[in-house]
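Look at the sequence and the model below. The paragraphs that follow start from one pair of side chains and then move along the chain.

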Amino acid sequence: MFYLALKFLHVIGACVLLGTGAGIAFFMLAAHRTGEVATIAGVARIVVVADFLFTATAVVLQPLTGLGLVHILGLSLGDGWIALALLLYLVTGALWLPVVAMQMKMRDLAAAALATGSVLPPLYHRLFAWWFAFGFPAFAAVMAILALMIARPAIPGWD
C-alpha cells in the first residue's frame, strides 16, 4: 500500500511539473504576444504564484518520492536510466531557478509600467527572450525524464 501511495505521489508530481510548465509557458507567451501591459502584468503575477505553489512543491516532492521508490524497489541511483534522470533533473533545476527570477522581474517591470501608464522597458523584452531560451530546454528535460521513467531503458555505458 505504501509503495502504491508513493508511486501515485511521484506520478502526480511529474504531471504537475509537466502541466504547470506547459501552462505557464502558454499563458506567459500568450500574454506577451498581446503587447498589452495590463494583460502581461496580470498574467505574470499569476504565473509567479503558480510557479511557487505548484512547481516548487513538485520540485521538492519528486526527489523524495523518487528516492523512496528506488529504495522500495531495490534499485540503485547508479542504474543508467535513474542516473540520467537525476542529471536531467539537476539541469532542469539549474534552468528553472533563473526562469523564476526572470518571471519575478518581468512581473515587477510590467506592474511598474502599468502603474505609470508607460510601455514595457527594453529590459522586460530582453528578460522575456532569456526566459523563453531557458524555459524551452528545461521543459524538454522534464519530457526526457518522463520518458526515462516510463521506459526505464538500459543505457550503454551507464549501467
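This is a predicted model. In it, the side chains of Arg-107 and Asp-108 form a salt bridge, with 2.9 Å from N to O.

Now turn to the start of the chain. Helix H1 takes in residues 2-34, which is 33 residues. From its first C-alpha to its last it reaches 47 Å, close to the 48 Å expected at 1.5 Å a residue.

Which residues of H1 are buried? They are Leu-6, His-10, Gly-13, Ala-14, Leu-17, Thr-20, Gly-23, Ile-24, Met-28, Ala-31 and His-32. To read that list, recall that an α-helix has 3.6 residues a turn, so residues three or four places apart point the same way. What do the buried residues of H1 pack against? Their partners are helix H2 (37-73), helix H3 (80-116) and helix H4 (122-151). Just after H1 comes Gly-35, which takes a positive phi of about 75 degrees.

Phe-2 also belongs to helix H1, but this residue is exposed, because its relative accessible area is 58%. Together with Ile-72 and Leu-73, Phe-2 makes a nonpolar surface patch of about 290 Å².

In an unreviewed UniProt entry, the annotation "transmembrane region" covers residues 6-30, 42-61, 81-101 and 130-151. How do the spans 6-30 and 42-61 look in the model? Residues 6-30 are 100% helix and 0% strand, and their end C-alpha atoms lie 36 Å apart. Residues 42-61 are likewise 100% helix and 0% strand, with end C-alpha atoms 28 Å apart.

The last stop is Arg-152, in the segment after H4. Its phi is near 45 degrees, a positive value in a residue other than glycine. Most residues other than glycine have a negative phi. Arg-152 counts as partly exposed because its relative accessibility is 45%.

Conventions: Residues numbered from 1 in each chain as written. Predicted model: local features only at pLDDT ≥ 70, side-chain atom pairs only at ≥ 80, totals over all residues. Heavy atoms only, no water. UniProt positions renumbered as here; feature names shortened; annotations may be inferred. Helix = DSSP H or I, 4+ residues; strand = E, 2+ residues; numbered from the N terminus. Salt bridge = Lys/Arg side-chain N within 4 Å of Asp/Glu carboxyl O. Expected span 1.5 Å × (residues − 1). Buried < 20%, exposed > 50% of the residue type's maximum accessible area, 1.4 Å probe, protein only. Contact = heavy atoms within 4.5 Å. Patch = residues over 30% accessible without salt bridge, like charges linked within 9 Å, V, L, I, M, F, W, Y side chains within 5 Å. Areas by Shrake-Rupley, 256 points an atom, 1.4 Å probe, with all protein chains shown as cover.
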